[in-house]
Amino acid sequence: MRRLWIGLTYFVFFILLIAPLSKIVTSAFSGGLTGLAKAIGRPEAMHALLMTGSIVVIVTILNALFGIMLALYLVRASWLSHKIKSLLNSIVDLPYAVSPVIGGLMIVLILGPDSIIGGFLEGTGFKVVYAFPGMVIATLFVTFPLMVREVMPVLQEIGTDQEQAASTLGAYGWLTFRKVTWPMIRWAVVYGMVLTIARSLGEFGAVLVVSGNIMNKTQTATTLVYQDVENFNVAAASGVALVLAAFSVALLLLMEWVKKRKGVH
């Protein structure tokens with residue numbers, strides 16, 4: 001019976017992961033290296049990959065800054081009541097509870113050209129929806145819980161004894177964070193950043209809604225793959241997908257290394 005379950009596990013692993021990846025690789029190289037280079041070197045593909053990279057960098061930085069800050073508030077802020085902390089915790093988990101498409105729709109309804117806020121911003125020349133800022137906001141909405149949920153357990157585990165001791169010795173808030181708190185949470189932050197990058201690379205639903213998927217303007221790598229498949233250009237879609245898969249594998253290897261540095265086995 002045990003051998004049967006082990007064999008079934010390997011079979012499911014092969015069907016869900018190895019077979020699709022193998023098909024992507026063979027399809028990407030169906031035209032040889034020249035065909036792969038042509039698929040990736042298209043102007044729309046280069047623009048989409050550059051757009052994806054820009055979103056990943058900005059979202060990762062914002063997630064690190066505001067994620068650490070919110071985690072500190074939820075764990076350390078004694079001036080926040082328990083009810084407020086519970087409410088903030090629920091809001092943080094909102095992207096887990098709703099579809100990314102719904103998240104994108106909420107952004108369109110709040111910041112779109114037909115909304116009060118969106119109309120005012122567009123009147124000042126700052127376009128949010130169907131533009132780069134909206135794509136960043138949509139990706140940030142989807143990925144925001146990742147950093148908070150990585151840092152919070154570490155802050156709860158280490159307690160406040162060392163931070164209080166540093167304050168007793170005259171260290172102000174920023175110095176206490178830099179010398180005491182940061183060394184203990186840095187690997188959790190790195191792990192959260194890796195998860196944010198991985199999630200940002202593969203985001204599709206929310207970005208598709210807020211971007212409009214305009215070629216050479218608001219198209220990311222994932223939405224380009226979707227468009228290529230819709231146009232039956234499977235080889236080109238596989239080429240772009242292969243680039244994303246290669247980054248994902250590299251991120252998985254980095255995550256394993258970070259786990260070891262965190263002491264997670």
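Start by selecting tyrosine 226: at 38% relative accessibility it counts as partly exposed, a label for anything between buried (under 20% relative accessible area) and exposed (over 50%), with a 1.4 Å probe and protein chains only. Bear in mind that this is a predicted model, where local features need pLDDT of at least 70, side-chain atom pairs count only at pLDDT 80 or more, and totals for chains, interfaces and linings use all residues. Residues are numbered from 1 along each chain as its sequence is written, and side-chain values use heavy atoms, with hydrogens and water left out.

Now zoom out for a moment. The protein has 13 helices and 0 strands; helices here are DSSP runs of H or I with at least four residues, strands are E runs of at least two, and numbering goes from the N terminus. Along the principal axes, the C-alpha atoms fill a box of roughly 70 × 65 × 35 Å. Of the 265 residues, 38% count as buried.

Next, look for aromatic pairs. The whole structure holds 2 of them, where rings of Phe, Tyr and Trp (its six-membered ring) pair if their centres lie within 6.5 Å, and planes under 30 degrees apart count as stacked, over 60 as edge-to-face and the rest as tilted.

Select phenylalanine 177 and tryptophan 182. Their ring centres sit 6.4 Å apart with the planes at 45 degrees, so this pair is tilted. Which of the two is buried? Phenylalanine 177 is, at 17% relative accessibility, while tryptophan 182, at 32%, counts as partly exposed.

Phenylalanine 204 lies in the loop between helix 10 (173-202) and helix 11 (205-211), and tyrosine 226 in helix 12 (residues 221-230), so the pair ties together parts that are 22 residues apart in sequence. Phenylalanine 204 is partly exposed, with a relative accessible area of 27%.

For the next stop, pick threonine 181 in helix 10. Buried or exposed? Threonine 181 counts as buried, at 3% relative accessibility. Show its contacts (heavy atoms within 4.5 Å) and, leaving aside neighbours within four places in sequence, you'll find Leu72, Leu155, Glu163 and Thr176.

Finish with the contacts across the protein: among those with a separation of 6 or more, 74% come from residues 24 or more positions apart.
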